[in-house]
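Q: I have a model open and I'd like to learn how to read it. Could you walk me through a few features?

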Amino acid sequence: LSPWRRLAQGSLFRNSTRVTMSDSSSGSIDLRSSEAEIRQRVSDILAEAKRQGASSAEVVASEDLGLGVTVRMGELENVEFNQDRGFGITVYYGLRKGSASTSDSSPGAIAETVEAARNIARFTEEDPCSGLADAELMPTELPELDLYHQWQLSPDDAEKLALECEAAGLAHDERITNSDGTQVSTQQSCRVYGNSHGFIGSFVGTRHSMSCVLIGEDASGMQRDYWYTLARNPGDLEAPEAVGVEAARRTVSRLSPRKIVTGRFPVLFAPQMASGLIGHLLGAISGGALYRKASFLLDSLGERVMSPHITLRERPHMPGWIGSASFDGEGVATHDKAFINHGVVENYVLGSYSARKLDMQTTGNAGGVFNLEIAGTTSGVDTMLRDMGEGLLVTELMGQGVNTVTGDYSRGAAGFWVEAGEIAYPVDEVTIASNLREVLKDIQCIGDDVDARGNIRAPSILVGSMTVASQ
C-alpha cells in the first residue's frame, strides 16, 4: 500500500511493539534516596524564613538527573549527563513579596538567599492578591501515582538503541537520504513543595524517550519529518525499529507536495496538532489572560464555546500518566474536574493569585492542567476522512498567527489533501485561517487515536470548515 493509503487506513498515532530493557546498565543512581533529604532542606528554609521575620513563605525544590545520547548517520554524536538541584524561595512580608533562588543548600547560602528575597520584598508594592493558597486546600494525603520507573541504561546501551532506531529508518526507503539525529534519553526528577502552612509535598518521577529525525529526497526536493516515543515506564516505549520506520514513513509520505485551490474546506487536525488547538482554548480560559482582559473568552463561564458534544476533563490522579500530580504549583490538592462540559465552560484554569484577581477560588491549576482528556462524538480516522470528502489533513503547523484577544487564527500548515474521502497527495506552504470561536463550535467529531504522550491527551479533531489557501 502507498504511504498515504496506509495513513488513511491506520491510526495517526501508532502503537508498536515495546522496547526491551537492558540488563547490563550502569545507571544506578536512584533519586528516591534524595527525597527525604530535599524535604528536610525545604523545612529548614521555611524555618529560616520565619527566623528572618517573614509572615509566610513557600519553597519549590527540584533535583534532576539524566542521560541523553545522540547518534547521526551511524556515528555517536553526543553523550550528555545532567544533574541539577535548585531551590526557589518566596517570602511574604504582609502583602509584599520577594523571590530568590539558589543551587547551594548549605546553611549560609540558604540564609543569604532568604535575605535576598526579603530585600526584594522591601521594594515591591503591596498586592492584596498575593500570598499563599488557603491552608484548607492543601492535600491531607498524597495518592500513589506510579510515576517512578528507573531505566538501568548505560551510555553504551543508549547508543546501541539509537543506532538501531536510525538504521531502521534509513533502510526503510531508498528516498531517505540523511538523518538529522536520533536520541535516546532517560530522566529522573524529584520535586518538593513546602509552605509555612505546614504542608510539604513531594514526588519522584521518570521520563524516558526515543526520537528520530530523518530527511528524504526525490526529484521535487527534500522533506523532513520525525517520530518519537515517550513514557514514564521504559517498558512502555515503542521499539527502536518501530520509531525509526515511522519517522521514515512520515518523511517519505511528504515528498513531492502539490499546490491546492483556495477555498473553505473541512480541516482534520492530526493528534499532535489538535493538542495545540485545545491549548489555545485553555489559554483563553486561564486566569492570567482573563484578569488581564487579554482573552477572546472573557466572562465565558456558563457559556457554550465548543460543539455541544465536546467535554474537556482533567484527571490528575491517573497512575503512570505523563501529567499526573497530587498537588499543583502552590500545594493545592488536584482533583478531577471538567473545564468544558458538553461545550459549556464549567471551570476556568486558575491558580490562587488569578482567582483572587477574579474574586473566585483556585481550581488547583497553578502551573497548568494535569492530564486533560477530550471526550465527544468519536469516529475512526478512516471514517473521518470519508466524512470530510474533500479537505485538508494537517500534520504540521508553523508560525504564531494566533491572536488570543480576538481569537483570530491564521497559521502556516502542511499535511495531505483529501479527495473522495481518501488521502490523495501531500501539500505544503498552505495557510489555514478562521476565528477560534467559530473553529471550536464547528468541531464535527474526534478520533479514536489519542496521543497519550503529553499533558493534553488529544485525538484527531475534525473541524467542519476553515479557509484554506495555497501560497
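Q: Let's start with strands. Which residue in β16 is the bridge partner of T378?

A: This is a predicted model, so local features need pLDDT of at least 70 and side-chain atom pairs count only at pLDDT 80 or more, while totals for chains, interfaces and linings use all residues. Residues are numbered from 1 along each chain as its sequence is written, and side-chain values use heavy atoms, with hydrogens and water left out. Now the strands: they are DSSP runs of E, at least two residues long, and helices are runs of H or I, at least four, numbered from the N terminus. Two strands pair if DSSP finds at least two bridges between them. Here T378 has I446 as its bridge partner in β16. Strand β12 (residues 378-379) runs parallel to β16, with two bridges joining them.

Q: Which strand pairs with β16 in the antiparallel sense?

A: That's β18 (residues 461-470), over three bridges.

Q: What is the order of the strands in the five-stranded open sheet?

A: Read across, it goes β10-β9-β8-β11-β17, with mixed pairing. β10 (344-345) and β17 (456-457) are the edges: each has a single partner strand, so one side of each lacks a neighbour in the sheet. β17 runs parallel to β11 (residues 372-375), joined by two bridges, and E373 sits opposite R457 in β17.

Q: How do α2 and α3 cross?

A: Two packed helices are described by the angle between their axes and the distance between the axes. The axes are lines fitted to C-alpha atoms over the stretch in contact, with angles from 0 to 180 degrees between N-to-C directions. For α2 (residues 35-51) and α3 (residues 107-122), the axes come within 10 Å and cross at roughly 50°. On the α2 side, I45, E48 and A49 make the contact, and on the α3 side I110, A111 and V114 (contact means heavy atoms within 4.5 Å).

Q: Which residues have the most contacts inside the largest nonpolar core?

A: A nonpolar core is a set of buried Ala, Val, Leu, Ile, Met, Phe, Trp, Tyr and Cys residues joined through side-chain atoms within 4.5 Å. The largest one has 51 residues, and F269, M306 and I432 have the most contacts inside it. Helix α6 (residues 271-284) gives the largest share, seven residues. Leaving aside neighbours within four places in sequence, M306 touches residues including I278, L281, I340 and L440.

Notes. Buried < 20%, exposed > 50% of the residue type's maximum accessible area, 1.4 Å probe, protein only.
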